[in-house]
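Hi everyone, thanks for making time.

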Amino acid sequence: MQKNHLQIGGVDAVYLAEQYGTPLFVYDVNQIRERSRSFTRTFESLGVDYQVAYASKAFSSIAMLQVAKQENLSLDVVSQGELYTAIKAGYPADKIHMHGNNKSKEELEMAVEYNIGCIVVDNFYEIELLNEILNQRQTNMRVLLRVTPGIEAHTHDYILTGQEDSKFGFDLISQQADLAMEILLKYDRIDVLGVHCHIGSQIFETQGFIMAIKKIYETLARWKEKYHYQSQVINLGGGFGIRYTNEDEPLPLNEYVVKLVETVKYETEQRDLDLPEIWIEPGRSIVGEAGTTLYTVGSIKKLPGVRKYVSVDGGMTDNIRPALYQAKYHAVVANKINETVEETVSIAGKCCESGDMLIWDLDVPNIESGDILAVASTGAYGYSMANHYNRFAKPAVVFVENGQDRLVVKRETYQDVVANDLSYE
Ligand code: LLP
């Protein structure tokens, strides 16, 4: 372990790059555990019934789901592939919740077959499909009704939209949600546990959540009157923001939980309802900051007086977020961690596309070909959105914990890349 090297979870990052090759996703497992526990401990301390479901779309692999299971998290899956991974990881089926705005018959059948914890119903088509499956199989299923409360939260601000224009869930304004509820309550094989909403992602304040809870409670109060229905569960989704660069100022995770619980308790009392279980489903805030991507620096192109392009051996194939959302990242040179800043460079990916830039204007020490660049906070929606553009093989993933490193997803080979190609000769 060298002094001038970045350490991740007690392991030398340069050693990891040499040992496993680059690009490489490295997760500090202690951070994943700590972040999970800051949610669960806060709920425990507030004495309410709760579930924290890890949104596995942020990063799903068998090892990751095993860590989530060890931390007693429930699990949010949005596809058959994510459900399959959960089953392979030995996830207790009753802790799995299934999302999706267009669940197929096969997906619903698999969810019913494994008798997962609940299905978050999203639309009328799905309600009918699910009911048919349940009747055919003579079995029951628990559901949450996904509603769109007309609040969209974005990082620092939120937008109140009258008619919610979203592909997800049932509208509260035009009373689509009421209609859905009427249908669900008629179906004997469906047990409606409660409501779900998700107002957005990478949110830095609590106001949007508070507004959503208030909107939902207007509906819950109406449902008590209209249908004598009381919600046992209110699921407020995920979306808690993280730090990518120093420009980001996320709230401590416990603050979100405290505010959500406070607001739900207050609204419940005001409207004379029974306190429901409070569920959340964070993804990014559990794995985002725990992940770092290591790259090797290759070609360096100097445009005097304009810019210096430093190319690395990955790019939009392992992190599409800068290209897709103009997302910003911070990075350090892992083998020159104590050296002073000497220049400002831009980090380019190696895909055949000008838009494949990972970071514009990064301050670095004298950077050279062969250096190891460590991009921070790549743990969420990096590997999970990785793709084969330009026929790149997907990177490996390594977990580090208490000074030990362990390969948890193998690097793809080029044989893997062509594995499904068939000859036309
Ligand atoms: N629950 C539902 C219903 C969701 O749609 C999402 C994210 C989550 C939970 C988890 O949200 P989180 O805590 O991770 O913010 N690919 C984008 C993010 C898409 C989020 C989609 N839904 C990105 O890279 O920023």
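I'll go from the overall build to a few single residues.

Two bits of housekeeping. Residues are numbered from 1 along each chain, as its sequence is written. And this is a predicted model, where local features need pLDDT of at least 70 and side-chain atom pairs count only at pLDDT 80 or more, while totals for chains, interfaces and linings use all residues.

Okay, the big picture. The protein has 12 helices and 22 strands; those are DSSP runs, numbered from the N terminus, with helices being H or I of at least four residues and strands being E of at least two. Its radius of gyration is 23 Å, close to the 22 Å from the globule rule for 425 residues, so the protein is as compact as a globular protein of that length. That radius is taken over C-alpha atoms, and the rule is 2.2 Å times the number of residues to the power 0.38. If you want a box around the C-alpha atoms, taken along the principal axes, think roughly 70 × 55 × 40 Å.

How much of the protein is buried? Of the 425 residues, 47% count as buried. Here buried means 20 or more other C-beta atoms within 10 Å of the residue's own, exposed means 12 or fewer, and partly exposed is in between, with C-beta atoms placed from the backbone. As for contacts, two residues make one if their C-beta atoms, placed from the backbone, lie within 7 Å. Among contacts with a separation of 6 or more, 68% come from residues 24 or more positions apart.

Next, domains. Domain 1 is 7-26 + 290-418, and domain 2 is 48-284; the bounds come from an automatic or database domain assignment. Their C-alpha centres lie 34 Å apart. Where they meet, 14 residues of domain 1 are in contact with 13 residues of domain 2. On the domain 1 side, strand S21 (396-401) and strand S22 (404-409) each supply at least two of the touching residues. That side divides into nine nonpolar, four polar and one charged.

Now the inside. A nonpolar core is a set of buried Ala, Val, Leu, Ile, Met, Phe, Trp, Tyr and Cys residues joined through C-beta atoms within 7 Å. The largest one has 117 residues, and Ala13, Leu145 and Leu373 touch the most other members. Helix H8 (residues 207-227) gives this core its largest share, seven residues. Domain 1 and domain 2 each put in at least three. Leaving aside neighbours within four places in sequence, the contacts of Leu373 include Tyr295, Val312 and Ile347.

Leu145 turns up again as a contact of Val192, together with Val143, Leu184 and Leu185, again not counting residues up to four places away. Val192 is in strand S12 (residues 190-196), and it's buried because 22 other C-beta atoms lie within 10 Å.

So which residue does UniProt list as a modified residue? An unreviewed entry there gives Lys57 as N6-(pyridoxal phosphate)lysine. UniProt positions follow the numbering used here, feature names are shortened, and annotations may be inferred rather than shown by experiment. Lys57 sits in the loop between strand S4 (50-55) and helix H3 (62-70). Is Lys57 buried or exposed? Lys57 is buried, with 20 other C-beta atoms within 10 Å. Beyond residues up to four places away, Lys57 touches Val78, Glu82, Gly283 and Ser384.

Most residues other than glycine have a negative phi, and most peptide bonds are trans. But a cis peptide bond joins Thr22 and Pro23, with omega about -5°. Pro23 is in the loop between helix H1 (13-20) and strand S3 (24-28).

His228 has a positive phi, near 55°. His228 lies in the loop between H8 and strand S13 (233-235), and it's exposed, with 8 other C-beta atoms within 10 Å. Asp361 also has a positive phi, of about 55°. Asp361 is in strand S19 (residues 357-364) and is exposed, with 10 other C-beta atoms within 10 Å. Not counting residues up to four places away, Asp361 touches Thr344 and Ser346.

Conventions. Nonpolar A, V, L, I, M, F, W, Y, C, P; charged D, E, K, R; others polar.
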